[in-house]
Amino acid sequence: MANTTVLNTSEVAVTAGLILAVVVEAAALLGNGALLVVVLRTPGLRDTLYLVHLCVVDLLAAASIMPLGLLAAPPPGLGRVRLGPAPCRAARFLSAALLPACTLGVAALGLARYRLIVHPLRPGARPPPGLVLTAVWAAAGLLGALSLLGPPPAPPPAPPRCSVLAGGLGPFRPLWALLAFALPALLLLGAYGGIFLVARRAALRPPRPARGSRPRSDSLDSRLSILPPLRPRLPGGKAALAPALAVGQFAACWLPYGCACLAPAEQAAVAEAPVTWVAYSAFAVHPFLYGLLQRPVRRALGRLARRALPQPPRTCTLRAWHLPTFLQHLQGPSLRPALGPPGAPEQAPDLPEGENLSMTGAT
């Protein structure tokens, strides 16, 4: 009876993990695909190339290593499919190359936004995006090549060790973790920390008086209007939202994976499935974090949604015809002078002497 209960609990856990993994996979594919279409059709974005690169990397990961995680994750993972030697090396190379490409791409996007905000009038200080992304893919290729220097896949009775956490990199795992996670984390923290400091400094700066403004009077109402609010706010609190979300998402998704890479292979293999899918959830979060938080992207998405959805037919509203409105419509435009004030009373026409305009005559 106890064995049956344990077996049922294990099956329920595997089924729940499989459902969550499928949801993350679908969100990554749909979100990155939609964001890629919106970014390509929005010419006003300044960091378009970095966003396109991030969407492409997320789509590649969602189409390659995430299905492998669903099908061929080692026990106690999600799948039970065993890969051969060549597919195992291919899966190891893709994991070791696409994950650094994603983390380094996020760091490059943060540095680009830092330069646009802090140094907007110094275009010479910004390297071309093509050169930056070429360096990102060169570093990702070198880190992926380290996986080919690891131990070969184990024979069939033993786990094949097709992932980075299960010992696929061999002695290069700490070096790979430092270059793939520690370096992008430091770059991202420095970039968004600088953005927050600039925003906080701008929030603390007193506003300049407008030209032609009159000096403030010394009345009691003026003194009360310049008093501080009852609930003081932290300057730059709203500007800290985007940097906090970016840094917090990076730490929440990639820090467990980086720490598992620094642990021994036997201990990392035990927590491989949950740690790996927490890291893979970053591919599904990026479209919402780096896409929907931008106002031009939201506006472009709204325009595309309005064009795609069928518009309801416009119906003419029936106007209620009242007798005064109908009589005014028949009389035509008013004879009131155009330059007169709108609220001035109408003047009576010139009448001969001895005649007055009574209510009956006006009617």
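Which residues gather in a patch of positive charge on the surface? They are Arg41, Arg295, Arg298, Arg299, Arg303, Arg306 and Arg307. Lys and Arg count as positive, Asp and Glu as negative, and His and the chain ends are not counted. A patch takes residues with over 30% relative accessible area and no salt bridge, joining like charges within 9 Å and nonpolar side chains (Val, Leu, Ile, Met, Phe, Trp, Tyr) within 5 Å. A salt bridge is a side-chain nitrogen of Lys or Arg within 4 Å of a carboxyl oxygen of Asp or Glu. For Arg, the place of the charge is CZ.

This is a predicted model, where local features need pLDDT of at least 70, side-chain atom pairs count only at pLDDT 80 or more, and totals for chains, interfaces and linings use all residues. Residues are numbered from 1 along each chain as its sequence is written, and side-chain values use heavy atoms, without hydrogens and water.

The protein has 14 helices and zero strands; these are DSSP runs, at least four residues of H or I for a helix and at least two of E for a strand, numbered from the N terminus. Arg41 lies in the loop between α1 (2-40) and α2 (48-63).

A nonpolar surface patch is formed by Leu175, Leu179, Leu183 and Leu187. Leu175 belongs to helix α7 (residues 173-204).

| Item | Accessible area (Shrake-Rupley, 1.4 Å probe) |
|---|---|
| Protein | about 23,500 Å² |
| Leu175, Leu179, Leu183 and Leu187 together | about 310 Å² |

Buried residues (under 20% relative accessible area) make up 33% of the 363 residues.

Methods
Buried means under 20% relative accessible area, exposed over 50%, partly exposed in between (1.4 Å probe, protein chains only).
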